[in-house]
Amino acid sequence: PGAPELCDGKDNDGDGIIDNECCPDGQMGILYVNASATGINSGVSWEHAFTSLQAALTAAKKCPLVTQIWVAKGTYYPSENQFGQTTPADPRTKSFAMQNDLAIYGGFAGNEPSDFNLSNREMISNKTELSGEIQQDNLIHNNAYHVILNFPPYENPLNHTAVLDGFTIVGGAATLLVDNTDAHLPHSFGGGMMTYGSTPTI
């Protein structure tokens with residue numbers, strides 16, 4: 001009793017509640033993301049959905065009780081790099097990162113109930129884009145190197161429990177060259193998704 005919570009799926013502080021300080025009220029099971037949401041942006045419902053996917057990914061990393069993220073139609077841009085930096089020296093290193101034991105689903109209208117059958121999503125009418133157009137200026141040279149970067153030196157290798165389903169990935173530009181001639185790992189490969197040494201479910 002009295003020990004700090006460690007966000008590990010256990011009741012470290014002995015108060016009978018698992019990860020209560022890591023998982024705000026209602027942040028368990030499914031987190032919701034909708035760029036058009038106007039509520040309190042806690043992610044606990046469509047009404048109060050996060051407006052950025054990055055916010056939901058950060059919350060899920062802190063809260064092991066979150067197993068899914070549902071993302072409504074719209075376009076979403078990465079806002080931090082693999083180290084959690086929102087203003088990295090090179091803004092193009094910003095990218096999304098998948099996580100083990102977390103399924104990220106797109107293709108929602110933004111009003112589906114929590115028991116909604118995922119096979120009934122309308123992918124065309126509810127197109128959900130992940131975009132590397134981080135400057136939103138229609139110039140490819142300053143786009144993110146990767147829209148999604150799953151690279152083991154930065155995180156643990158992914159397995160089949162890391163799921164990405166129902167998205168269109170656009171706007172990545174893995175164009176970095178060392179001394180203008182030599183390829184750079186990872187930033188010369190995988191503009192849409194760079195996955196190295198990992199086996200996520202796509």
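Angles here run from 0 to 180 degrees between N-to-C directions, with axes fitted to C-alpha atoms. With that in hand, welcome to this predicted model: helix 1 lies across strand 1, strand 2 and strand 4, and runs at about 175 degrees to strand 2. Below is a short tour of the sheet, the helix, the core and the aromatic residues.

- An open sheet is built from 4 strands in the order 1-2-4-7, with parallel pairing.
- Strand 1 and strand 7 (162–165) are the edge strands, each pairing on one side only.
- From one strand to the next, the twist averages 15 degrees.
- Strand 4 pairs with strand 7 in the parallel sense over 4 bridges.
- Ala 103 has Val 163 in strand 7 as its bridge partner.
- As a reminder, strands of a sheet pair through backbone hydrogen bonds, either parallel or antiparallel.

- Helix 1 covers residues 53–62, and its buried residues are Leu 53, Gln 54, Ala 56, Leu 57, Ala 59 and Ala 60.
- An α-helix has 3.6 residues a turn, so residues three or four places apart point the same way.
- The buried residues of helix 1 pack against strand 1 (29–33), strand 2 (66–72), strand 3 (74–76), strand 4 (102–108) and strand 5 (128–131).

**The nonpolar core**

- The largest nonpolar core holds 36 residues, and those touching the most other members are Leu 53, Ile 69, Val 71, Tyr 76, Phe 96, Ile 104 and Leu 130.
- At least two residues of this core come from each of strand 1, helix 1, strand 2, strand 4 and strand 7.
- Leaving aside residues up to four places away in sequence, Leu 53 touches Val 33, Ile 69, Val 71, Tyr 76, Phe 96, Ile 104 and Leu 130.
- In soluble globular proteins, nonpolar side chains tend to be buried together.

**Aromatic residues**

- The count of aromatic pairs comes to 6.
- One of them joins Phe 151 and Tyr 196 in a tilted arrangement, 5.4 Å centre to centre with 45 degrees between the planes.
- Phe 151 sits in the loop between strand 6 (148–150) and strand 7, while Tyr 196 is in the segment after strand 11 (193–195), so this pair ties together parts 45 residues apart in sequence.
- Phe 151 counts as buried because its relative accessibility is 9%, and buried means under 20%.
- Tyr 196 has 43% relative accessibility and therefore counts as partly exposed.
- Elsewhere, Tyr 32, Trp 46, Trp 70, Phe 108 and Phe 116 form one aromatic cluster.

Terms used:
Residues are numbered from 1 along each chain as its sequence is written. This is a predicted model: local features need pLDDT of at least 70, side-chain atom pairs count only at pLDDT 80 or more; totals for chains, interfaces and linings use all residues. Side-chain values use heavy atoms; hydrogens and water are left out. Buried means under 20% relative accessible area, exposed over 50%, partly exposed in between (1.4 Å probe, protein chains only). Contact means heavy atoms within 4.5 Å. Two strands pair if DSSP finds at least two bridges between them. Rings of Phe, Tyr and Trp (its six-membered ring) pair if their centres lie within 6.5 Å; planes under 30 degrees apart count as stacked, over 60 as edge-to-face and the rest as tilted. A nonpolar core is a set of buried Ala, Val, Leu, Ile, Met, Phe, Trp, Tyr and Cys residues joined through side-chain atoms within 4.5 Å.
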